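Subject: Structure handover

Hello,

Here is the structure I promised to pass on. Please open it first, then read the notes below.

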Amino acid sequence: MHNLIKLIMIILNFFLFNSCAEEFIVDTTEDETLNRVIDSEFKINRMPGMAYVAVNGDSIVLMDARGYANVAEKKIFTPQTRMEIASISKTIIATAIMQLHEVGLLSIDSDVNQYLPFKVVNPFYPNDLITLRMLLTHTSSISDVNQDNSLIVLHGYEDYPQSINDYLHDYLVEGGQYYSKESFSNTKPGESYDYSNIGATLLALVVEQVSGTDYNNYCKAHIFEPLGMNRTTFFYSETPKKEMAIPYLDVNDLNPENPFNSYPDYPDGHLITTVEDLSKFLRAYIMDGIFNGYQLLKPSTIQLMLTPNKYDFGLIWYTSIMANTSVWRHNGGWMGISTEMRFDPITKTGIIVFINRTGCYPETLFESLHQYAKK
Amino acid sequence: MVKKIFFSLLFVLFFIATKANPADSLHLNNIGITLGYWGTPAKTTGFQLGLQKYQLNTEKFKILTNCDLVVEKRTNSYSSFGVLLSSGVRRTFRFGLFMEYNIKSGYIGSYYPFDLYKINSNGDVMNIGKKIYHTFVFGNSFGFGYDFYSTTKMDMQLFLKPVLYYRYPNLDNPFYLNNFGLEAGITFHPSFLNKKD
């Protein structure tokens, strides 16, 4: 028995001794150091694969990947690998809305019902207007609680067949298939923050109604194609499956049977793109709205979008202090998907990271890449 | 539903065990040594070594406690060392077959053999060296085995027990914090551990 206790003590000593290594600051603007940090973060977070890009001004200063897009088939993750990016998709919605705002086809302070084929009313506050600005700042009082109760996901590599118009009608209008009072929170519109996927998708419907174009086609014509985002779409039907990263819901299951899925409110999360493509969109924001010779948005519009309210939200974009620096950002999380996009408008630098596993947001990795972008 | 059945079964087992007559106790060889595989099937490999003691030892029921050292390794990643304490109940059927349930808690430390990094309060990236991640473990196992004593009077048991355990903090998926493990091995009761006064 005493020998057993001695053995335990020896092993514990070994562990404690090894945990007392000296700590020191490293310079992640050096290629070799950054690579060591990336390798470490990649391994300790058990990522199946990831791709990343760091940008400075309108240039890419670093773009690379690690691991696998498909572990079972040993398919390497590359910066050209396509992946769903979850909630970062909402920045596309905001861009489309603000484009229509710029040309005077809508006003972000108007009642959303001006632009809809059905009427959206919070049953707890039937006389209060819901404006586009409220939807853009997640203060509209439209709630995802009801969606959480009746989440609709179609498993398989096929697009959800229902239009966003029909789905939102069913969700938000009394008598609709998914309607309940819980589709709204019991707070006055505009008064409190409640992150809402449904609210964001309602904005995409506004884009459809005002532009007279299907949302995906609008984005293609006014955002993706002018910026040269040739590997970007919302739909599986327009994406070769072999170019997709497998989203790994559970890192202990690296050969999932049916990893892909779609849902009716696709504008709020189902953008399929690559880090290379998305960096063009990010660089347009960094460069006062211009990339590839195309004016995506006016500088004054971007300024408006990046003006924080009391919840640190601009218009869809939100601001955070990360490692003592204020950045504008959006991230994304879904089954098998973790994504981050952030930029600093002062230094005109930014990063994008795609990781094909659930719930993985390694801040050390993000900050190291951002430091590299600033060098 | 599965949880309800599981806990109902557990409750029944414990209830029956408390009704076992201690007067029927088999007082010989209450302390044993367990040796076995411990790890996540096909993902990590490891072993366990521990001591087992019967707190109640009758022909049909045993209430037992274990103290196990566990070691596991994940290729190209971490090596773990842990101490787990468990307590459970065993129902032995005819011919020596038994079912057993245990609850477990303890410590597992995972050692990463490469430098780790973190951000300090000034926003600097720090090399913090090779570190151990300390985790608290809570779990349970429900398995079966064979007790040779019933048929051969040889005081030895084979066991196979799937384990569900929760590790906190945890670097795995936040939505699936439970880890799955497997204990498989042998328990024997050497005479030097069971000397009688």
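**What was found**

Of the 375 residues in chain A, 48% are buried (20 or more other C-beta atoms within 10 Å of the residue's own; exposed is 12 or fewer, partly exposed is in between; C-beta atoms are placed from the backbone). This is a predicted model: local features need pLDDT of at least 70, side-chain atom pairs count only at pLDDT 80 or more, and totals for chains, interfaces and linings use all residues. Residues are numbered from 1 along each chain as its sequence is written, while chains are lettered from A and ligands numbered from 1 in the order in which they are written.

**Chain A overall**

Chain A has 11 helices and 14 strands (DSSP runs numbered from the N terminus: H or I of at least four residues for helices, E of at least two for strands). Its radius of gyration, taken over C-alpha atoms, is 22 Å. The C-alpha trace spans about 75 × 50 × 40 Å along its principal axes.

**The cores**

The largest nonpolar core holds 107 residues (a core is a set of buried Ala, Val, Leu, Ile, Met, Phe, Trp, Tyr and Cys residues joined through C-beta atoms within 7 Å). Ile97(A), Leu203(A), Val206(A) and Val353(A) touch the most other members. Helix α7 of chain A, residues 197-211, gives the most to this core, with 8 residues. Another core lies apart from it, with 7 residues, including Trp38(B) and Tyr165(B).

**A sheet across two chains**

Three strands form an open sheet, in the order β1(A)-β7(B)-β6(B). The pairing is antiparallel (strands pair if DSSP finds at least two bridges between them). β1 (24-25) of chain A and β6 (116-119) of chain B are the edge strands. 2 bridges join β1(A) to β7 of chain B, residues 125-129. Phe24(A) stands opposite Asn127(B). Helix α11 of chain A, residues 363-374, packs on the sheet and touches β6 and β7 of chain B.

**Helix α11(A)**

Is this helix mostly covered or mostly uncovered? α11(A) is mostly covered, with 10 of its 12 residues buried. Among them are Phe366(A), Glu367(A), His370(A) and Tyr372(A).

Best wishes

Notes. Rg over C-alpha atoms; globule rule 2.2 N^0.38 Å. Contact = placed C-beta atoms within 7 Å. Axes fitted to C-alpha atoms, helices over the stretch in contact; angles between N-to-C directions.
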